[in-house]
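Subject: Structure for your review

Dear colleague,

Please find below the structure that I am handing over to you. My notes on what was found in it follow directly after.

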Amino acid sequence: MTRAFIALAVGAAAGVLLPAADAPLPQFVDIARQAGVVFHHTNGASPDKHLVETMGSGALFFDYDGDGWPDIFLVDGGSIADPAVDRRARHRLFHNRRDGTFEDVTTRSGIQHLAYGMGACAGDYDGDGRPDLYITGYGANTLYRNRGDGTFTDVTASAHVGGTRWSTGCAFADLDGDGDLDLFVTHYVDMDRAHSPYCAITRGGPRAYCNPLTYEPLSSTVYRNDGNGVFTDVSMASGVGGLRSNGLGVVIADYDGDGRPDVFVANDTMPNFLFHNDGHLKFTETGLATGIAVGADGRARAGMGIDTGDYDGDGRLDLVITNLDFEMHTLHRGLDRGLFRYATLESGIGFPTLPFVGIVARQPFAR
């Protein structure tokens, strides 16, 4: 099934995500075309039923030119079955004109569509004061250095952050406390386009998309920033590389207040991960121990997107995870001692989100 997207907005009213009885309900109007944000996502659906075709792609708000106004970057998909369709795919960068409209500056920016796109994240990895752009995808990832004149340069090879594994989410953060941004990348499953398994809804029926559990899961990647424009893959040494999952979303935040950023990963049809930062780029996976791995019934959800914030204003970090349709999105309320409690139903977000597949839209990491 194609995974549609729904944005999840969270607010607080004594810990419940419901508006007051006399509060006006927010009204939203689609002004994308009026604002100049014209984009058609290419998903490359084909009779071959490659799993990647079921995925939508990410989007990112970031002020790439430093004028104080958020710009928009949209990731396009592509096709692994039809080269002609793949050639039509194109990422888009929209510059904020500061009057409620945007200008498509993709061609001028130098950003190209090099692989079936999945997600993106922004961060100033080289410390020059300009946010750089990392794009994940099926087949290849790309790191673009922001040149400060509205253009970007592909530095993937020299930075050593490429790779060919199916990559999904990513996030920049100073994981080792040395003053520069490291990079965390989640990966999905080991899907070989040349040997796609045959799956069908009924025995002997037509080919259908396989369940993600049909494939071998992949481990996430931790790239240490060496401070000279080059990264080193320290996944295995960090303790992250030895754990495999169907990773999709990732968010980095210091959930236990020890001054070190920790890593939350939303996993599809597998328990979620929480990598506690032990310092010196060493992590311990604590998802089950802290209470965010599974739902209240002890079953794993099909995690799609993930984000953190203090929704109830108690000074503790809370966690929201969007899931597949008919699972409800998940809200974990932060407790003392770095623990979380399942608060989906009491918060009011459970049943309203039941029919939907969801992602989380959020601001990029700010240095």
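The term pLDDT denotes the predictor's confidence in each residue, on a scale from 0 to 100, and a contact here means heavy atoms within 4.5 Å. Please bear in mind throughout that this is a predicted model.

Confidence

Across the chain, the mean pLDDT is 90, with 92% of the residues reaching 70 or more. Residues 1-18 have a pLDDT below 50, although the model gives this stretch 49 contacts beyond near neighbours in sequence. A further stretch, residues 363-367, also stays under 50 in pLDDT; for residues 363-367 the model has 14 contacts beyond four places in sequence. Where pLDDT is low, the predicted coordinates should not be read in detail.

How many of the residues of strand β3 (residues 92-96) are buried? The count is 5 of 5, and the strand is thus described as mostly covered. Arg-92, Phe-94 and Asn-96 point one way from β3, while Leu-93 and His-95 point the other way, and all are buried.

β3 pairs with strand β2 (residues 71-74) in the antiparallel sense, over 3 bridges. In that pairing, Ile-72 stands opposite Phe-94 of β3. β3 also pairs with strand β4 (residues 102-104), again in the antiparallel sense and over 3 bridges. Here Phe-94 stands opposite Asp-104 in β4.

Strands of a sheet pair through backbone hydrogen bonds, either parallel or antiparallel. In this model, 4 strands form an open sheet in the order β17-β18-β19-β20, with antiparallel pairing. β17 (247-253) and β20 (282-285) stand at the edges with a single partner strand each, so one side of each has no neighbour in the sheet. From one strand to the next, the twist averages 25°.

Strand β19 (residues 273-279) and β20 pair in the antiparallel sense over 4 bridges. Phe-283 in β20 is the bridge partner of Asn-277.

Aromatic pairs

The structure holds 10 aromatic pairs. One of them joins Phe-264 and Phe-340: the ring centres are 6.1 Å apart and the planes stand at 85°, so the pair is edge-to-face, given that planes over 60 degrees apart count as such. Phe-264 lies in strand β18 (residues 262-267) and Phe-340 in strand β24 (residues 340-342), so this pair ties together parts that are 76 residues apart in sequence.

Phe-273 is buried, with a relative accessible area of 11%, and Phe-275 is buried with 1%.

Finally, ring pairs link Phe-62, Tyr-64 and Phe-152 into a cluster.

With kind regards

Note on methods: Residues are numbered from 1 along each chain as its sequence is written. This is a predicted model: local features need pLDDT of at least 70, side-chain atom pairs count only at pLDDT 80 or more; totals for chains, interfaces and linings use all residues. Side-chain values use heavy atoms; hydrogens and water are left out. Buried means under 20% relative accessible area, exposed over 50%, partly exposed in between (1.4 Å probe, protein chains only). Helices (H or I, at least four residues) and strands (E, at least two) are DSSP runs, numbered from the N terminus. Two strands pair if DSSP finds at least two bridges between them. Axes are lines fitted to C-alpha atoms, for helices over the stretch in contact, and angles run from 0 to 180 degrees between N-to-C directions. Rings of Phe, Tyr and Trp (its six-membered ring) pair if their centres lie within 6.5 Å; planes under 30 degrees apart count as stacked, over 60 as edge-to-face and the rest as tilted.
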